[in-house]
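Thanks for coming, everyone. I will walk you through one protein model today, in short steps. Please keep the picture in view while I talk.

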Amino acid sequence: LGYEVHVESSDVADITRSKLAPGDTFCSLCARLRRGIMYGLAQRLNCNKIALGHHLDDLAETLLLNIFFNGEIKSMPAKLHADDGRNIVIRPLAYCPEEKIARYAQLMEFPLIGCMCPACGDQSLQRARVKRMISDLEKSNPGVRSSMLRALSNVKPSHLLVAQPE
């Protein structure tokens, strides 16, 4: 399509392995390190927006992963102003179900590229479990994913616990 493509190599996997204790999951730290690399690359290429391919299923899964394993109610916004004030992260596929994107990619014969982090291995086990759980819920309750997406923009803070001062 005439777009310039830039491939950036890094040692994220090695850094991630060196920073985490045995049994810890790589994904969160790996994602933060990759994001830092993308921020730096965006600056070098004079870009102010970074488009990521996260989709509706990613947002729903991340919400549950954060609730179950991090004790936080958060996911990924469709538009995020980075803390550095220079970059904006956008997720143009945030409202699209993974299934529709996969069908379109298949029709267009796009190459499929999974996580390229050699450190991952079975580290995404929790995400796979949550993905199956949401799929099972969707079978008996069509619209669960869409309902989760609506919930992310329909928060009622008055109905949540407030952290107690220590």
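**Loops, a patch and some rings**

Start with N46, in the loop between α2 (27-44) and β1 (49-51). Keep in mind that this is a predicted model.

What is the phi of N46, a residue that is not a glycine? It is positive, about 60 degrees. Most residues other than glycine have a negative phi. Is N46 buried or exposed? N46 is exposed, because its relative accessible area is 73% and the cut-off is over 50%.

Now go to E109. It sits in the loop between α4 (98-108) and α5. E109 is another residue other than glycine with a positive phi, near 60 degrees. E109 has a relative accessible area of 70%, so it counts as exposed.

Next, the surface. Which residues form a nonpolar patch there? They are I67, F68, F69, I73, M133, L137, V155 and L160. Together they have about 710 Å² of accessible area.

Where do they come from? Two helices, α3 (56-70) and α5 (125-140), each supply at least two residues of the patch. The largest share comes from α3, with 3 residues. V155 lies elsewhere, in the segment after α6 (144-152). V155 has 48% relative accessibility, so it counts as partly exposed.

On to the rings. How many aromatic pairs does a search of the whole structure find? It finds 2. One of them joins F68 and F69. You have met both names already, in the nonpolar patch. Their ring centres are 6.2 Å apart, with 90 degrees between the planes. That pair is edge-to-face. F68 is partly exposed, because its relative accessibility is 45%. F69 is partly exposed too, at 44%.

Y104 and F110 also form an aromatic pair. Here the distance is 6.0 Å centre to centre, and the planes are 70 degrees apart. Why does this pair count as edge-to-face? Because 70 degrees is over 60, the cut-off for that label. Y104 is partly exposed, with a relative accessible area of 47%. F110 is partly exposed as well, at 42%.

Last, the cysteines. How many disulfides does a search of the whole structure find? The count is 0. C47 is partly exposed, at 33% relative accessible area. C96 has 29% relative accessibility, so C96 also counts as partly exposed.

That is my tour. Over to you.

Definitions and conventions. Residues are numbered from 1 along each chain as its sequence is written. This is a predicted model: local features need pLDDT of at least 70, side-chain atom pairs count only at pLDDT 80 or more; totals for chains, interfaces and linings use all residues. Side-chain values use heavy atoms; hydrogens and water are left out. A disulfide is a pair of cysteine sulfur atoms within 2.5 Å. Buried means under 20% relative accessible area, exposed over 50%, partly exposed in between (1.4 Å probe, protein chains only). Patches are made of residues with over 30% relative accessible area and no salt bridge: like charges are joined within 9 Å, nonpolar side chains (Val, Leu, Ile, Met, Phe, Trp, Tyr) within 5 Å. Accessible areas come from the Shrake-Rupley method with a 1.4 Å probe; for residues, only the protein chains shown count as cover. A salt bridge is a side-chain nitrogen of Lys or Arg within 4 Å of a carboxyl oxygen of Asp or Glu. Helices (H or I, at least four residues) and strands (E, at least two) are DSSP runs, numbered from the N terminus. Rings of Phe, Tyr and Trp (its six-membered ring) pair if their centres lie within 6.5 Å; planes under 30 degrees apart count as stacked, over 60 as edge-to-face and the rest as tilted.
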